[in-house]
2 protein chains.
Amino acid sequence: MNTSIGDNKTFPKGTTWTPVETALNDLKKSLSVNLVSQKIDVIKALGFVLSKDVVAKRSNPHSSNTAVDGFGFAYKSIEGLENSLNLMTGQITPGSDILFNVPEGSAVRILTGASLPNGVDTVVLQEEVTLHEDKVYFNNDVKLGENTRKAGEDITDGDIVLKKGTRVRPQDLGLLISTGIEELEVYLQLKVGILSTGNEIVKKLTDKNSNRTLDVNRPMLMSIIERWGYIPIDLGHVDDNENKIRAKLDKASQICDLIFTSGGASTGNEDYVAKLLKSDGQLFHWKIAMKPGRPLALASWRKTPIIGLPGNPVAAFVCSLVFGRPVCSLLSGEGWVQLPSFLVPAAFSKIKKMGRREYLRARIKNGKVEIFHSEGSGRISGLSWADGLIELQDDVTYIEKGDLVRYMPFSGLI
Amino acid sequence: MNTSIGDNKTFPKGTTWTPVETALNDLKKSLSVNLVSQKIDVIKALGFVLSKDVVAKRSNPHSSNTAVDGFGFAYKSIEGLENSLNLMTGQITPGSDILFNVPEGSAVRILTGASLPNGVDTVVLQEEVTLHEDKVYFNNDVKLGENTRKAGEDITDGDIVLKKGTRVRPQDLGLLISTGIEELEVYLQLKVGILSTGNEIVKKLTDKNSNRTLDVNRPMLMSIIERWGYIPIDLGHVDDNENKIRAKLDKASQICDLIFTSGGASTGNEDYVAKLLKSDGQLFHWKIAMKPGRPLALASWRKTPIIGLPGNPVAAFVCSLVFGRPVCSLLSGEGWVQLPSFLVPAAFSKIKKMGRREYLRARIKNGKVEIFHSEGSGRISGLSWADGLIELQDDVTYIEKGDLVRYMPFSGLI
């Protein structure tokens, strides 16, 4: 569904604007995922995406053991009238190689994590017994199997531990190691090219170019890609010259899985990138009903997807998260991700234009979410002030103080 | 305030347990922060903590410019009866070196991001005008200064851009560059040593040691430190031997800002780390009323703080986040961080023991938060199943379905 919005200046009359949701769905459908696998040592797997289900080579726990420091015995020893057991000499420590055999009617001291010896199925906490003349007396009732962990109760040898498409986090690394995995298959990391365009952009100021604009987007986008755990490829900067941009994209499309450009995606005569994507590539969408984010181009070049971000750093930042994040996760083999969000009461009120999605720079304070004093897209400082974004849906027209709004913490986005 | 809890088996009678909040406050007070500064290129600043306020060297925007593609003119030109202006030849593009001077009564075509030339203070959107015979006619009312961004409206040369103690995120990098910063002062990255202890622990299984426990904690904790942006130092593994542990800690305390140990912090005879910390170091707390997390030691060794994590990987993981995260951020110069959390309706009900804090492995589903089927601390797979933790306060005894509970997404913790 496309929306035509003509009642405000941001979305001029007579133009059809694509809703964000439509653009995202079209993007998702249009992308073809080409993945290559490699084997790596488990110890290096952090941040990689599994290209195969991983099957446990060892149970967890690998043997039945005790969860506490206490006394171990056979439960049937105390099923009769007896509430005391004979204490054996010695104790069982984790990793000990000494083989114990605990006869019925006896108990042995055993320390947290130690494997249960023959004859032990139950452990009572040391604080729950009284010791007297080599006898163990129970202060409380005891349940069969208490304070023990059964071999394989978490994972059994042969179980699928983690599924294909899982991005390995620190705890997943722990799980993989605990189940005996030493090597595993993962996808190659995504390579994302970053290209800045525009005659006005310079990397460094000199006396001669002091009126120019510094290239903020390239390092910012490179660092976002780095944070996401992919490989940023610095494609440099090109002037607004059709041939130079074409040559750059030809080369970049051979080495990158995805390209982010910034600048040159507007309707102006100088917007070479948008023009070129339309004439020589495939331009899917470029008039998207969102703020900030105009202009934004979703396209491909010799089969490599391109996200043509606005030149404005605030808009480039927001669009890289809203569009770039799920596109990257899909292309990396992890699948399309939903950006994490939470409903939080608004500390502000606001009138909003119907028919476009808006992203506001936001910050949590005392359990409510407040917004930056200006929505101006030139205000880069607002991104630093914020700890997240608020997403206002297309059909929202008014937010009252205390209304629940959708807040997306930056920690879940970058 | 200490709590004495004797009505359950997890917190045995006759022992004083320290509430998590007390332990955290004591930790915060006990830590002394010793920081060293270095100068780095702004481009490398991602993840570093600023050791000085950063002062802007350039205003943002550096010159007044247009936020849209349109026509620029002096507002006073149209204050009279006139609603048309003379269109000048040519156009102004961003970064153009051509000097324009726009006389009263005239307008010039100007593209997004271009600096306003002499004589222009207002820009009207191109879609809001009609062009006819070199004249520009306005379709709507125009406001003074509309669609323009004033020089310095975001940041003025000399303003403080980012404060000492700020950890540089991608957007902060953007802000720094846009305000002309090329070099800045940051603290050296925190060095966090990771030591595994316990006779039962092995790095690799062989035919001879197949009953042992694999060292899950060391790689897991190393990868957590890496994720936090600090430098993990692999201190290897030591057996339960007092002299070896002492030698290891002596050496480690010279090169690390903080040490995480795992294992050996219990009350058992074999818990050399806890014993040693008590006799030769300073042991502040080691009986903390939390689940999972028993035993946990907060200590220091020759002035280097030590967090003695439990050997159990689930407990080690949770304690590293709850205690390790704020300690690391304080020692790194960023200050004590509050772990981000959100109130989410519970998809479960649960009876809880009074007087201890509990952390449950949790996952968001359809706007509610569900918990892992087992609270057993041997269940490492629950950490992979989860996308966050639920924190239940000490005084909570019952959770009903639909109650709001405090959910902490892993994305905000690791």
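The model is predicted, so local features need pLDDT of at least 70 and side-chain atom pairs count only at pLDDT 80 or more, while totals for chains, interfaces and linings use all residues. Residues are numbered from 1 along each chain as its sequence is written, chains are lettered from A and ligands numbered from 1 in the order in which they are written, and side-chain values use heavy atoms, with hydrogens and water left out. Chain A and chain B bury about 6,600 Å² between them, and the count of salt bridges over all chains comes to 40.

**The interface of chain A and chain B**

- Chain A brings 84 residues to the contact and chain B brings 84 residues, where contact means heavy atoms within 4.5 Å.
- Of the buried area, 52% is on carbon and sulfur atoms; buried area is the accessible area (1.4 Å probe) that two parts lose on being put together, summed over both.
- The rule finds 4 salt bridges across this interface, a salt bridge being a side-chain nitrogen of Lys or Arg within 4 Å of a carboxyl oxygen of Asp or Glu.
- E153(A) and R379(B) form a salt bridge, with their closest N and O atoms 3.5 Å apart.
- Helices (H or I, at least four residues) and strands (E, at least two) are DSSP runs, numbered from the N terminus.
- The element that gives the most to that side is α2(A), with 8 residues.
- Sorted by class, the side of chain A that touches chain B holds 30 nonpolar, 28 polar and 26 charged residues. Here Ala, Val, Leu, Ile, Met, Phe, Trp, Tyr, Cys and Pro count as nonpolar, Asp, Glu, Lys and Arg as charged, and the others, Gly among them, as polar.

**Salt bridges within a chain**

- E183(A) forms a salt bridge with K39(A), with the closest N and O atoms 3.9 Å apart. E183(A) sits in strand β14 (residues 183-187) of chain A and K39(A) in strand β3 (residues 37-41) of chain A, so the pair ties together parts that are 144 residues apart in sequence.
- At 48% relative accessibility E183(A) is partly exposed, whereas K39(A), at 55%, is exposed. Buried means under 20% relative accessible area, exposed over 50%, and partly exposed in between (1.4 Å probe, protein chains only).
- In chain B, the side chains of E21(B) and R357(B) meet in a salt bridge of 2.5 Å, N to O. Helix α1 (residues 20-30) of chain B holds E21(B) and strand β26 (residues 357-365) of chain B holds R357(B), so this pair ties together parts 336 residues apart in sequence.
- E21(B) is partly exposed at 37%, while R357(B) is buried at 3% relative accessibility.

**A salt-bridge network in chain A**

- Salt bridges that share partners join K291(A), K350(A), R356(A), E358(A) and E375(A) into one network.
- R356(A) is found in the loop between β25 (350-351) and β26 (357-365) of chain A, and R356(A) counts as buried at 4% relative accessibility.
- The side chains of R356(A) and E358(A) are also joined by a polar contact of 2.8 Å.

**Buried elements**

- In strand β8 (residues 106-110) of chain B, 5 of the 5 residues are buried, so the strand is largely enclosed by the rest of the structure.
- S106(B), V108(B) and I110(B) point one way from β8(B), and A107(B) and R109(B) the other way. In a regular strand the side chains alternate between the two faces of the sheet.
- Strand β6 (residues 70-73) of chain B runs antiparallel to β8(B), joined by 3 bridges; strands pair if DSSP finds at least two bridges between them. G72(B) stands opposite V108(B).
- Strand β7 (residues 84-92) of chain B pairs with β8(B) in the parallel sense over 4 bridges, and N86(B) has S106(B) as its bridge partner.
- Helix α5 (residues 272-280) of chain A has Y272(A), V273(A), A274(A), L276(A) and L277(A) as its buried residues. Their cover includes β15 (191-197) and α4 (242-255) of chain A.

Methods:
Polar contact = N/O pair within 3.5 Å; in protein donor to acceptor, adjacent residues only side chain to side chain.
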